[in-house]
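The sequence and structure come first.

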Amino acid sequence: EFENNTSMTSNYLLIPILVDSGLIATLIFVTRNSVKKWDEGEISILQTLASTLGNVFRRRETEEELNKVSAAVKQSSSVVIITDRYGNIEYVNPKFSEITMYSAEEIIGKNPRVIRSGRHPEEVYKNLWETIISGEEWHGELLNRKKNGDYYWALTSISPIRNNFNEITHFISIQEDITAYRK
C-alpha cells in the first residue's frame with residue numbers, strides 16, 4: 001500500500017521496501033509542485049524499484065549469513081567433511097588436512113574409506129551407512145588412518161543434509177580428534 005498526499009507546499013509519495021513481508025525502509029518521493037498527482041505508471045515503476053531494492057537487501061543478508069557459516073566451518077577446530085548422497089567427498093575444511101595430512105585437492109571426489117583404519121568390523125560401517133541413509137544421525141568413535149599411515153581416533157557425528165523437498169542431498173561429518181584422550 002502507498003500513500004499519495006498533497007499539501008500546500010509539496011506532494012509526496014511513500015513506497016515501503018519490504019523483505020519477507022517486513023518493512024525495512026520507506027522510499028519517500030517529494031515534488032514541490034503542489035498540483036502534481038502521481039499517476040499509476042509512476043507509482044508502478046517506483047513500486048518495482050522498491051521491490052528490487054528489497055531483493056537486493058535480502059540477497060545481501062543471505063550472502064552475509066553464508067559468509068559467516070563458511071568462515072565458521074573453515075575456522076572450526078573440528079574436522080568437517082561434506083559428501084554427496086553417494087559418499088563422495090565434496091568439501092573438507094583445513095582442520096581435515098591438518099589432522100589427516102591429505103590436501104583438499106587429493107581427497108575431493110574420493111570416498112571417506114580412504115581414511116579407514118581397517119580395524120573396525122565391516123558391520124560398524126554398514127550400521128553407519130544404514131543409519132544416515134535412513135535420515136538419522138550417526139554417532140561413534142572411529143579409528144582412522146592418516147596419509148602417512150599413522151592412526152588417530154575421531155569422535156564422529158554424521159548427519160544427513162536435506163533439500164527443500166526433504167530429500168537427502170549430502171552428508172556432513174563432524175569429527176573431534178580424541179587420540180590423546182584415548183591414550
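## Nonpolar core

The largest nonpolar core holds 11 residues: Val 79, Ile 81, Ile 89, Val 92, Phe 96, Ile 99, Tyr 102, Ile 107, Ile 115, Tyr 152 and Ala 154. Strand E4, strand E5 (89–92), helix H2 (94–100) and strand E7 each give at least two residues to this core. A nonpolar core here is a set of buried Ala, Val, Leu, Ile, Met, Phe, Trp, Tyr and Cys residues joined through side-chain atoms within 4.5 Å. Buried means under 20% relative accessible area, exposed means over 50%, and partly exposed lies in between (1.4 Å probe, protein chains only). In soluble globular proteins, nonpolar side chains tend to be buried together.

Ile 99, one of the core residues, touches Val 79, Lys 146, Tyr 152 and Asp 177, leaving out residues up to four places away in sequence. Contact means heavy atoms within 4.5 Å.

## Basis of the model

This is a predicted model, in which local features need pLDDT of at least 70 and side-chain atom pairs count only at pLDDT 80 or more, while totals for chains, interfaces and linings use all residues. Residues are numbered from 1 along each chain as its sequence is written, and side-chain values use heavy atoms, with hydrogens and water left out.

## Overall fold

The protein has five helices and eight strands. Their order along the sequence is β-β-β-α-β-β-α-α-α-β-β-β-α. The radius of gyration is 27 Å, well over the 16 Å that the globule rule gives for 183 residues, so the protein is more spread out than a compact globule. This radius is taken over C-alpha atoms, and the globule rule is 2.2 Å times the number of residues to the power 0.38. Helices (H or I, at least four residues) and strands (E, at least two) are DSSP runs, numbered from the N terminus.

The C-alpha trace spans about 85 × 30 × 25 Å along its principal axes. Of the 183 residues, 31% are buried. Among contacts between residues at least 6 apart in sequence, 40% join residues at least 24 apart.

## Largest pocket

The largest pocket has a volume of about 420 Å³. Its lining has 22 residues, and those closest to the centre are Asn 111, Pro 112, Arg 113, Leu 128 and Ile 158. On a 1 Å grid over the protein atoms alone, a cavity is a set of points where a 1.4 Å probe fits but cannot get out; a pocket is an open set with protein on both sides within 12 Å along at least five of seven lines, and lining residues have an atom within 4 Å of a point. Grid points are joined across faces, edges and corners, and the volume is the space filled by probe spheres set on the points.

At least two lining residues come from each of E4 (79–84), H4 (122–133), E6 (138–145), E7 (151–162) and E8 (168–177). Helix H4 supplies the largest share, five residues. By class, the lining has 12 nonpolar, seven polar and three charged residues. Ala, Val, Leu, Ile, Met, Phe, Trp, Tyr, Cys and Pro count as nonpolar, Asp, Glu, Lys and Arg as charged, and the others, Gly among them, as polar.

## Residues with positive phi

Most residues other than glycine have a negative phi. Met 101, which is not a glycine, has a positive phi of about 75 degrees. Met 101 sits in the loop between H2 and helix H3 (104–107) and is partly exposed, with a relative accessible area of 42%.

Asn 166 also has a positive phi, near 65 degrees. Asn 166 is in the loop between E7 and E8 and counts as exposed at 52% relative accessibility.

## Three further residues

Which residues does Leu 18 contact, leaving aside neighbours within four places in sequence? They are Leu 23, Gly 54 and Arg 58. Leu 18 belongs to strand E2 (residues 11–19) and is partly exposed at 45% relative accessibility. Gly 54, in helix H1 (residues 40–74), is buried at 0%. Beyond neighbours within four places, Gly 54 contacts Ile 17, Leu 18 and Val 19.

Glu 106 is in helix H3 and is partly exposed, with a relative accessible area of 29%. With neighbours within four places in sequence set aside, Glu 106 is in contact with Met 101 and Lys 147.
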